[in-house]
Amino acid sequence: IVNKQIGKRDPFFTAKGAGSFEKQIRMGNGSSNYLAQRRFMQSGPDSLDPKAEKQLKNWLEMCEKYGFEPYIIFHVSQYTTPNNQQQPLYMRKMINDKLAKGIYPYDEAYFRTWKNYFAQLAKISNGKVRDWYIGDEIYNVYHRCKWEVPHYVGVQKALYETIKKIDPAMM
């Protein structure tokens with residue numbers, strides 16, 4: 001019989017695919033990630049889709065119940081293709097029209113919508129999430145848009161500033 005591991009586990013150890021729930025609970029669990037990919041949850045500049053918000057809350061409750069360390073992952077690529085819609089639905093057409101015309105679409109108001117999104121997630125997590133992770137591989141490896149890197153850096157900065165302002169212990 002395996003005894004439960006004592007102490008904090010590596011936040012990048014995940015129970016996903018590593019055995020049954022019961023086995024992971026007995027082993028000390030590790031972490032569990034929530035993929036908040038490309039702001040699919042955001043229904044407006046200051047709002048989340050109620051169904052997606054409920055899923056996030058349920059996930060946080062599950063992590064607490066079973067002793068998982070929750071962390072949130074973001075994929076932030078800004079370029080949209082017909083098969084991979086990467087902007088929130090409420091602003092997709094505006095961003096894509098500007099990109100198609102070669103106009104820089106990422107102004108202060110745009111990054112404020114990211115900050116609003118991060119703040120909403122931080123408020124829901126209420127200090128339970130300590131690890132916020134933006135993938136270190138910029139999607140669209142071929143960089144089909146000259147603004148991919150500035151967008152990536154802007155989102156990283158928005159995440160850091162927002163979470164640090166809400167709760168410095170979360171960073």
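Buried means under 20% relative accessible area, exposed means over 50%, and partly exposed is what falls in between (1.4 Å probe, protein chains only). Helices (H or I, at least four residues) and strands (E, at least two) are DSSP runs, numbered from the N terminus.

These views show a predicted model, where local features need pLDDT of at least 70, side-chain atom pairs count only at pLDDT 80 or more, and totals for chains, interfaces and linings use all residues. Residues are numbered from 1 along each chain as its sequence is written, and side-chain values use heavy atoms, with hydrogens and water left out.

**View 1. Helix H3 and its buried side.** Take a look at helix H3, residues 92-101: Arg-92, Ile-95, Asn-96 and Leu-99 are buried here. They sit on the same side of H3 because they span an arc of only 95° around the axis (the arc is that of the directions from the helix axis to the C-beta atoms). That spacing makes sense: an α-helix has 3.6 residues a turn, so residues three or four places apart point the same way. What covers these buried residues? H4 is part of the cover, where contact means heavy atoms within 4.5 Å. On the face turned away from the buried side you'll find the exposed residues Lys-93 and Lys-101. Just after H3 comes Gly-102, with a positive phi of about 80°.

**View 2. An open sheet of three strands.** The strands are ordered S1-S4-S5 and their pairing is parallel; two strands pair if DSSP finds at least two bridges between them. Strand S1 (31-35) and S5 are the edge strands, each pairing on one side only. On average, neighbouring strands of this sheet are turned by 25° against each other, direction ignored. Axes here are lines fitted to C-alpha atoms, for helices over the stretch in contact, and angles run from 0 to 180 degrees between N-to-C directions. How many bridges join S4 to S5? Four, with strand S4 covering residues 69-74. Helix H2 lies across S1 and S4, running at about 175° to S1.

View 3. Lys-128 is in the loop between helix H4 (108-125) and strand S5 (131-134), while Glu-64 is in helix H2 (residues 50-66), 64 residues apart. Lys-128 is partly exposed at 34% relative accessible area, and Glu-64 is exposed at 56%.

**View 4. Glu-161 meets Lys-115.** Their side chains form a salt bridge of 2.9 Å, N to O. Glu-161 is partly exposed at 33%, and Lys-115 is partly exposed at 31%. Salt bridges that share partners join Lys-115, Lys-157 and Glu-161 into one network.

**View 5. The loop between H4 and S5.** Arg-130 makes a salt bridge with Asp-167, with the closest N and O atoms 3.3 Å apart. Arg-130 is in this loop and Asp-167 in the segment after H5, so the pair ties together parts 37 residues apart in sequence. Asn-126 is found in the loop too. Asn-126 isn't a glycine, yet has a positive phi of about 50°. Is Asn-126 buried or exposed? Asn-126 counts as exposed, at 61% relative accessibility.

Technical notes. A salt bridge is a side-chain nitrogen of Lys or Arg within 4 Å of a carboxyl oxygen of Asp or Glu.
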